[in-house]
Each structure stands twice: as structure tokens, then as C-alpha cells.
Amino acid sequence: MYRIILILTLYCSSAFAEYKLTSLVNNLTSPWSITQVNTDIFLINEKPGKIKLFDKSNNNLKEIKHNLKVLNHGQGGLMDILSSNGKIYVSYTEEIGQKMESSTSVAVAKFDKKELNFKNIFRSLPPIRSGYHFGSRLVIKNGLLFVSSGERGGGDIAQDPTKHPGSIIRIHIDGSIPKDNPHFKDKKKWLPEIYQIGIRNVQGMCFSEFDNEIYMTNHGAKGGDWFGKINYGGNYGWDTLYWGGTKYSGLKGGPKWLPGYDKPIKYYVPSIAISACKIYSGKEFKEWNGDALVTSLKDQSLRRIKFKKNNFQSEEIIFKDKIGRLRDIEIDNDGKILIVTDQGILWELSRD
């Protein structure tokens, strides 16, 4: 039922001549993220609230029960999913109180193919009555969990380190707070969970085994999307800075960059509606190892960024306008790239 329905062979200007996109599943509902559990098993989050298990060995897709109460509201819903050491971490929109106020929350469960019993380990506070900019992705580095929390359309709340929205959170995998977070060093006014501020709406976040760093993609306003590195105690400047974009009203926003703020590796003006990112590591496209792969929604493209020590070197568009809006990517054990799209399809990118 879920077997291959379409194969496209695309041509590009890379060192290799041909590759193909293969559709594996075509009946997902607003898929938001994908994670690999083991060689053949992947979990896919659907924004309305369902978690699907995909077995790549036989192309079988099934739903896994869970106990989360997900608020599917505006841009919020069931967002990122991450598998690590037999546990499943998710970020989701949680309603707080009776006034449609909501938070970006994080929960963890022991992996089970039939049912996932989640327990909350983080909640972004204060809850806000807004359907915008939940911006949540999850990464584990050195046993610590990094969580991105969007600024919920609140603008300068991202410059307030006494509130979670608009920041990068760093906690232990049980939800406790590391004693070497910025709060305990030279940022006494920051909440102890906060690692970095000045974020608008993170859409992708990934760990690099090549330099032990975490990278992310962030939506600007009308222009000003970017790809950059997470920095200890850093500040990307939103909404003091507009990263080259403007306000939706058409009025001029802040400058692209100012000294004292973190600087992205790559800006996108006009916006491409940047989404997921991964630092490639694998055999299928071994010449890409260490490069960043970033996806986009409006631009409907997969891009490869070469960079070194936070400096942009070059970018290549692998493909564009072929499979719709690209929401998230995962790299399997063979180095093949799995992509979920807003159109509800799971694709595999491989050599021809």
C-alpha cells in the first residue's frame, strides 16, 4: 500500500551527475518532523497530534498511541521528535489555563512500538495567547538537551532573558538545569535554563559530529532568514536586528547586524522560508560530509552550504520546485536523505 509511487531523476551541477527522489509514503497529515530510532524504524510527528511509525524494511506505516494533549492551533501543534538511547523526546504546543494561552513544551517517553507514555520535562513560560512562532526543535549534545522556543510573535520578548520565548534552552535530559549554564557564570539576570537569546522562530536545529557544535535555521520577518551556530550566552539580536529584512507593514526594521551580537553564517534576503537543517554525515553522498543541508518551504528547495569556522564559503541548490514545501530531513544509516513535505509525502533522496 505504501510502496514506491513515483521516482524522479533530477540533474544538478554537483560533482556527480544524477540522483533520484523516491516517494515512500504519500498519506501523511501535515508532517512536521522525522527521527530514526534504529536501522529501519522511523517516527514521524504530524502537526495535528499523531505520531506515526514507519518501517523502511517493508514500507509499512502505523500510528502509535500516546498520552499528550496537543493543542493544534495556528503554527503550533505536535512539533519536533527526537530519538536517543531508547527514549523519545517531543516538543509540542500545550494549552495553559482557559484563555487559549499556550506554551512550547517538551516531554520524554521510553520507546515502545505500541504506545508512548510521555512525561513533561520543560514548559516555556510565560504562556502566551498567540498562534505564532512556536519555533521548536530539539538536539542532544554531550548528554544535554537543547530546545528552541520561538518568540510567539512577541518581538522584543526575545531580548528579555527573564522569559523563555525567543531563546535557546539547555537542560539535562531529565529536565534539571546544568550548573554551567550562562546564568551561573556571567548572566545572573538570565533564567537558569536559557543558553542564548534574540531568536525569532527557529525551524531547524542540528548537531555536527565534525566540530561538536549545534547549528540552526531561523525565520526572519519580511526577509532575513538565516543559518547560524548556537553560541553560549549569545544574542542574535531579534527584534533589535532585522537581519536584512523589513517589517510586514513595509516600514524599515532594525539593521542587519551590529557589533556585540551573534552573526549568522548565511543570510537569505529575500526570505526562502527556511526550514530544517542537518550536517551531512554518510556514505551515499560522501563528498558532502561536514556540509550543511537546509530545506525551505516557500522556495521549495534543498540547499547545501559549505562553511568553515562560522564563515560561509559557498551554496548549491540541490533541487528546487520538485516535491513541494520541505518541512524536515533525516539521514539514515546508509547516508540516504529522508524528507517530509507539507504535502504529506515522505521522500528518499539517493544516488541514481
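Me: How do you know which residues and atoms the values rest on?
Reply: This is a predicted model, numbered from 1 along each chain as its sequence is written, in which local features need pLDDT of at least 70 and side-chain atom pairs count only at pLDDT 80 or more, while totals for chains, interfaces and linings use all residues. Side-chain values use heavy atoms, with hydrogens and water left out.

Me: What makes residues 1-17 a stretch to read with care?
Reply: The pLDDT, which is the predictor's confidence in each residue on a scale from 0 to 100, averages 94 for the protein chain, and 95% of the residues score at least 70. Over residues 1-17, however, the pLDDT is below 50, although this stretch has 48 contacts in the model beyond near neighbours in sequence, a contact being heavy atoms within 4.5 Å. Where pLDDT is low, the predicted coordinates should not be read in detail.

Me: What makes the pairing of K56 with E348 a polar contact?
Reply: The two side chains come to 2.7 Å, and a polar contact is a pair of N or O atoms within 3.5 Å, of which, within protein, one must be able to donate a hydrogen and the other to accept it, residues adjacent in sequence counting only if both atoms are side-chain atoms. Leaving aside neighbours within four places in sequence, K56 is also in contact with residues including L24, D40 and F42.

Me: How do W243 and N310 stand against the accessibility limits?
Reply: W243, at 0% relative accessibility, counts as buried, whereas N310, with a relative accessible area of 27%, is partly exposed. Neither is a glycine, and yet phi is positive in each, about 55° for W243 and about 70° for N310. W243 is placed in the loop between strand 19 and strand 20, and N310 lies in the loop between strand 23 (301-308) and strand 24 (311-320).

Me: What makes a group of residues a nonpolar core?
Reply: The term covers a set of buried Ala, Val, Leu, Ile, Met, Phe, Trp, Tyr and Cys residues joined through side-chain atoms within 4.5 Å. The largest such core has 20 residues, and I168, M205 and M216 have the most contacts inside it. Strand 13 (144-149), strand 16 (202-208) and strand 17 (213-218) each supply at least two residues of this core. A second, separate core of 19 residues includes L293, I323, I345 and L349.

Me: How do you know that strand 16 and strand 17 pair?
Reply: Two strands pair if DSSP finds at least two bridges between them, and six bridges join strand 16 to strand 17, which run antiparallel.

Me: Why are strand 16 and strand 20 placed at the edges?
Reply: The open sheet has four strands in the order 16-17-18-20, with antiparallel pairing. Strand 16 and strand 20 (266-268) each have a single partner strand, so one side of each is left without a neighbour in the sheet.

How values were computed: Buried means under 20% relative accessible area, exposed over 50%, partly exposed in between (1.4 Å probe, protein chains only).
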